[in-house]
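Q: Could you take me through one part of this structure up close, and show me how its helices pack against each other? I am new to this, so please go step by step.

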Amino acid sequence: MAEGLSDHHRQLAQRKREAITSSATALFLDHGYAGTSLARIAEAAGVSKSTLFKQFPTKAALFEAIVSESWKQGAGHASTPPPAGDLRGGLTAIGRRYAELVGRPGMTALFRIVIAELPRLPELGRMQFQLGKLPYFDSVRLYLQAEHEAGTARVPDAESAANQFLGMIANFVLWPRMLLTDWNPAADETDQAVDEAVETMLARYATGHHR
């Protein structure tokens, strides 16, 4: 019985947390980070101020949670690279996962918030980079290093290669959304963009029959 109540309370707390982060993202986008108070977020989320402060004692803590969760949701085990040995398969899996992640509306909203507030609040940009993009980028870099060590690829600069690969995908999936509100490529178009990025990487880095 106690275990059931505990599960219920955990689920309730999670629903409240999701309501808070969702409401905060919408308010930050509409009114700016500086122009949005925690009290206003609590009201929009339908929770008490004490509930919000219990989970997020400061607005910075709330924004950190939004960044961290945005880069984790829908990305599967993004921090765990595929095993080395199948360069085409590994890059395709990473590319599909990344396209799904950065193509979500919530990710577009997060980037817009950070870009809009960057001149006044550069720390938001640092949070987005250090808590979100950098860990994901490092997982791709480590994967390419592993393929290099396995002999399936010749990648003298894994950092540069990771930038190239993720950049090719983001240039189709994410960045047009920042300027074009109706940019919404179909799934097969996104898959094609990922496949083209994979072929480019194979042509540049694969060894022998791994091309």
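A: Happy to! Let's start with the whole chain and then zoom in. This is a predicted model, and its protein chain has ten helices and zero strands. Read from the N terminus, the order of elements is α-α-α-α-α-α-α-α-α-α. The C-alpha trace spans about 60 × 50 × 30 Å along its principal axes.

How far can you trust it? The mean pLDDT of the chain is 88, with 93% of the residues at 70 or more. Confidence is highest in H10, at 97, and lowest in helix H1 (residues 2–31), at a mean of 82.

Two packed helices are described by the angle between their axes and the distance between the axes. Helix H8 covers residues 158–173, and helix H10 covers residues 187–205; they pack at an angle of about 155°, their axes 9 Å apart. Angles over 145 degrees count as roughly antiparallel, and H8 and H10 are therefore roughly antiparallel to each other. Their crossing is right-handed.

Which residues touch? On the H8 side, the contact is made by Ala-161, Gln-164, Phe-165, Met-168, Ile-169, Phe-172 and Val-173, while H10 brings Glu-189, Thr-190, Ala-193, Val-194, Ala-197, Val-198, Thr-200, Met-201 and Tyr-205. Sorted by class, the residues of this contact are twelve nonpolar, three polar and one charged.

H8 has another partner to look at. Helix H5 (residues 87–102) packs with H8 at an angle of about 40°, and here the axes are 10 Å apart. That angle makes H5 oblique to H8. This crossing is right-handed too. From H5, the contact takes in Leu-91, Ile-94, Gly-95, Tyr-98, Ala-99 and Val-102, and from H8 it takes in Phe-165, Leu-166, Ile-169, Ala-170 and Val-173. By class, there are ten nonpolar residues, one polar and no charged ones.

Methods:
Residues are numbered from 1 along each chain as its sequence is written. This is a predicted model: local features need pLDDT of at least 70, side-chain atom pairs count only at pLDDT 80 or more; totals for chains, interfaces and linings use all residues. Side-chain values use heavy atoms; hydrogens and water are left out. Axes are lines fitted to C-alpha atoms, for helices over the stretch in contact, and angles run from 0 to 180 degrees between N-to-C directions. Helices (H or I, at least four residues) and strands (E, at least two) are DSSP runs, numbered from the N terminus. Angles under 35 degrees count as roughly parallel, over 145 as roughly antiparallel, 65 to 115 as roughly perpendicular and the rest as oblique. A crossing is left-handed if the near helix is turned anticlockwise from the far one by less than a right angle, and right-handed if clockwise. Contact means heavy atoms within 4.5 Å. Ala, Val, Leu, Ile, Met, Phe, Trp, Tyr, Cys and Pro count as nonpolar, Asp, Glu, Lys and Arg as charged, and the others, Gly among them, as polar. pLDDT is the predictor's confidence in each residue, from 0 to 100.
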